[in-house]
Amino acid sequence: MMSKHKIMSVFGTRPEAIKMAPLVQALKRLAHVESLVCVTGQHRDMLDQVLNIFSIRPDVDLNIMRFDQDLTSITTRTLEGLAPVLSEYKPELVLVHGDTTTSVSAALAAFYQKIPVAHVEAGLRSMDPYSPYPEEMNRCLISRLAQLHFAPTAANADNLRRENVLGLISVTGNTVIDALMTTVYDTYEFQHEFLRSFDFDSGPTILLTAHRRENFGQPIVSICRAVRRLVEDHPGLRVIYPVHPNPQIQQPVRQELADIEHLYLIEPLDVQEMHNLMDRCSFVMTDSGGLQEEAPALGKPVLVLRTETERPEAVVAGTVEIAGVEEEGIYQAAHALLTDRDKFRRMATAVNPYGDGRACERILGCIETWLGS
């Protein structure tokens, strides 16, 4: 019997897990591939929620998360944890995703053992090494280490060609659209008690998320103050904010937004609850990268709470608008969506540039061609 090709997927955060889950499931359906999963546990509870929803059981769990961990400790524990794992399992290919510290550390660990790396969601660039931080530089470093580059869009592939990266570059779409097709449906019933009883038909509802490292300090305060003004100035408007557990987010958010009528601070949601909340809200305000891809697939306009985005094709397509991190700019951008029906309709009906839900199919085709060669 012919031996199977060993392919190891390494991820450690909730966003990575959401986008890698459909690819892991697709790999397991290939008879000639032994699909291995190693999680670092860079996020713990939030990662485990995704693994449970997609029924993924890791072959290896490094469980590196520590209280108040910093980038250096995440990097060193991942490198030290992966070294013996890669030596034992000897995969032919290591798959990493996106821009996390787990991903760049896993790519480096594989490179040290001369194992080829495939980068899922390759080629995104903001052109500012400190925004998003450290994600922008993580992506650039992975691109130098990888041999297979799976770019969501043609613009991402062009970025890689301009940088003269080595290896095969393929435009595949984004795997998050594949994931959405399995998590969102009209008859979904929320498990969260508040969301289960919430009347989404009684008025406009904004889904808010803000947690990025570069928004710590004054930016998160400005975001909160803009949102508070919106609720005060627009009777009937509701805002739902799943608040990240990081103390640098929790403290200013609770200080600025606690006990405000129609502004609901809830705990972080699992991926299926979040996707279906996104589907039922009016529009999204976020500093997240993934939501810029997910929400347009559901026909939801997105206001980006950052000064730039590594997803400029969404801005060009009209699904996303950069609102910035200043109070007045954020307020005016959201106010326009609440009052200008034509603008709302244009953003809600613009074509999502991130694909058709067949990204995993294209990635598998690329991997099989590479294995064959």
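Residues are numbered from 1 along each chain as its sequence is written, and side-chain values use heavy atoms, with hydrogens and water left out. Because the model is predicted, local features need pLDDT of at least 70 and side-chain atom pairs count only at pLDDT 80 or more, while totals for chains, interfaces and linings use all residues. Helices (H or I, at least four residues) and strands (E, at least two) are DSSP runs, numbered from the N terminus.

**Packing of helix α1**

- Helix α1 (residues 14-28) and helix α2 (residues 45-53) have axes that come within 8 Å and cross at roughly 15°. That makes α1 roughly parallel to α2 (angles under 35 degrees count as roughly parallel, over 145 as roughly antiparallel, 65 to 115 as roughly perpendicular and the rest as oblique).
- Axes are lines fitted to C-alpha atoms, for helices over the stretch in contact, and angles run from 0 to 180 degrees between N-to-C directions.
- From α1, Arg-14, Ala-17 and Ile-18 meet Met-46, Leu-47, Gln-49 and Val-50 of α2, where contact means heavy atoms within 4.5 Å. The residues of this contact divide into five nonpolar, one polar and one charged (Ala, Val, Leu, Ile, Met, Phe, Trp, Tyr, Cys and Pro count as nonpolar, Asp, Glu, Lys and Arg as charged, and the others, Gly among them, as polar).
- With helix α16 (residues 359-372), α1 packs at an angle of about 50°, the axes being 10 Å apart. The two helices α1 and α16 are therefore oblique to each other, and their crossing is right-handed.
- On the α1 side of this contact are Pro-22, Leu-23, Ala-26 and Leu-27, which meet Cys-360, Ile-363 and Leu-364 in α16. By class, the contact of α1 with α16 has seven nonpolar, no polar and no charged residues.

- Ala-336, Leu-337 and Thr-339 of α14 make the contact with Arg-341, Lys-343, Phe-344 and Met-347 of α15. Four of these residues are nonpolar, one is polar and two are charged.
- The second largest pocket holds about 210 Å³ of space. Among its 13 lining residues, the closest to its centre are Pro-204, Ser-282, Leu-337, Leu-338 and Phe-344.
- The elements that give two or more residues to this lining are α14 (327-339) and α15 (341-349). Seven nonpolar, three polar and three charged residues form the lining.
- On a 1 Å grid over the protein atoms alone, a pocket is an open set of points where a 1.4 Å probe fits, with protein on both sides within 12 Å along at least five of seven lines; lining residues have an atom within 4 Å of a point.

**Backbone features in loops**

- Most residues other than glycine have a negative phi, and most peptide bonds are trans.
- A cis peptide bond joins Ser-131 and Pro-132, with omega about 0°, and another cis bond runs from Tyr-133 to Pro-134, with omega near 5°.
- Pro-132 lies in the loop between β5 (117-120) and α5 (135-145), and Pro-134 is found in the loop between β5 and α5.
- Lys-90, a residue other than glycine, has a positive phi near 50°; Lys-90 is in the loop between α3 (71-89) and β4 (93-97).

Technical notes: Points joined across faces, edges and corners; volume = space filled by probe spheres on them. Left-handed = near helix turned anticlockwise from the far one by under 90°.
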